[in-house]
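Open the model in your viewer and keep the selection tool at hand. We will walk along the chain together, stopping wherever there is something to look at.

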Amino acid sequence: MDISILLKHVDHTLLKPTATWEDIQKICDEAIHYKTASVCIPACYISRIKEKYGDSVNICTVVGFPLGYSTTEAKVLEAKQAIENGANEIDMVINISDVKNGDYDKVTAEIKALKQAVGDKILKVIIETCYLTEDEKIAMCKSVTEANADYIKTSTGFGTAGATIEDIRLFKEHIGPNVKIKAAGGVKSISDLDMFISEGCDRIGTSSAIKLIQGKQAQGY
């Protein structure tokens, strides 16, 4: 198990509402030092990170987060502003109510609108697996594929549960060939990181990766 290779798949994450600029700088410094895939941070910090770090850190942020029930128009504006401010990757939350209403075409249309808004930047779609049935998860695999999003992502880290291997295997069976997988929430050990990547995840969203390799206990997302 090569730790440096594992870290290249990590979106080093800090999405707590109490995150300070000092906290944000710490994870950016760690991301640069350990060469993580990105930092995933609140949108309010994008401009400050870009100003201080330039292109030395890859910036990911979240849209419609964490509940997903903002209007499509609001999510599009969030995404556009995030890109303008310096983000390269957007993790959006689907409208889970639309899924529960069986309005899968509406979910697909929203994802398409977000992908159009971000253009050649990366769009990851959080479907919040803990709230969905297996049939709904399969439907979301199809929506994400049809909308040409770049990734399907398991969880916000703010729901009732996070990523499971069973969901990753379900994704692999039902997503299209151009869709990658991001596991998030519940990654609590180096062996978890290795397991999800070995199972086919291209990204792991976690706030714990650096603590884990430093021998500290994982907490939170």
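A residue counts as exposed when its relative accessible area is over 50%, as buried when that area is under 20%, and as partly exposed in between.

**Confidence colouring**

This is a predicted model, so begin by colouring by pLDDT. The chain averages a pLDDT of 95, and 97% of the residues score at least 70. Now select strand 5, residues 122–126: among the elements of the chain, this strand has the highest mean pLDDT, 99. The lowest mean, 85, belongs to helix 10, residues 209–213.

**Helix 2 against helix 3**

Two packed helices are described by the angle between their axes and the distance between the axes. Select residues 21–34 for helix 2 and residues 46–53 for helix 3. Their axes come within 11 Å and cross at roughly 50°. That angle makes helix 2 oblique to helix 3, and the crossing is right-handed.

Which residues of the two helices meet here? Show side chains for Trp21, Ile24, Gln25, Cys28, Asp29 and Ile32 in helix 2, and for Arg48, Ile49, Lys52 and Tyr53 in helix 3.

**Asn85, at helix 4**

Stay with Ile49 and look across to Asn85: their C-alpha atoms are separated by 9.6 Å, although the two residues are 36 apart along the chain. Asn85 is found in helix 4, residues 72–85. Leaving aside residues up to four places away in sequence, Asn85 touches Ile46, Ser47 and Lys50. Its relative accessibility is 27%, so Asn85 counts as partly exposed.

Switch to a backbone view for the next stops. Most residues other than glycine have a negative phi, and most peptide bonds are trans.

- Select Phe65 and Pro66. The peptide bond from Phe65 to Pro66 is cis, with omega near 0°. Pro66 is found in the loop between strand 3 (59–63) and helix 4.
- Go on to Glu128, in the loop between strand 5 and helix 7 (134–146). Glu128 is not a glycine, yet has a positive phi of about 50°. Is Glu128 buried or exposed? At 2% relative accessibility, Glu128 counts as buried.
- Then pick Asn148, in the loop between helix 7 and strand 6 (151–153). Asn148 also is a residue other than glycine with a positive phi, here near 65°. With a relative accessibility of 54%, over the 50% cut-off, Asn148 counts as exposed.

**Helix 7 against helix 8**

For the last stop, select helix 7 together with helix 8, residues 165–174. At what angle do helix 7 and helix 8 pack? The angle is about 50°, and the axes are 9 Å apart. That makes helix 7 oblique to helix 8, and their crossing is right-handed.

Bring up the side chains once more. Helix 7 contributes Glu134, Lys137, Ile138, Cys141 and Thr145 to the contact, while helix 8 contributes Asp167, Leu170, Phe171 and His174. The residues of this contact divide into four nonpolar, two polar and three charged.

Methods:
Residues are numbered from 1 along each chain as its sequence is written. This is a predicted model: local features need pLDDT of at least 70, side-chain atom pairs count only at pLDDT 80 or more; totals for chains, interfaces and linings use all residues. Side-chain values use heavy atoms; hydrogens and water are left out. Axes are lines fitted to C-alpha atoms, for helices over the stretch in contact, and angles run from 0 to 180 degrees between N-to-C directions. Helices (H or I, at least four residues) and strands (E, at least two) are DSSP runs, numbered from the N terminus. Angles under 35 degrees count as roughly parallel, over 145 as roughly antiparallel, 65 to 115 as roughly perpendicular and the rest as oblique. A crossing is left-handed if the near helix is turned anticlockwise from the far one by less than a right angle, and right-handed if clockwise. Contact means heavy atoms within 4.5 Å. pLDDT is the predictor's confidence in each residue, from 0 to 100. Buried means under 20% relative accessible area, exposed over 50%, partly exposed in between (1.4 Å probe, protein chains only). Ala, Val, Leu, Ile, Met, Phe, Trp, Tyr, Cys and Pro count as nonpolar, Asp, Glu, Lys and Arg as charged, and the others, Gly among them, as polar.
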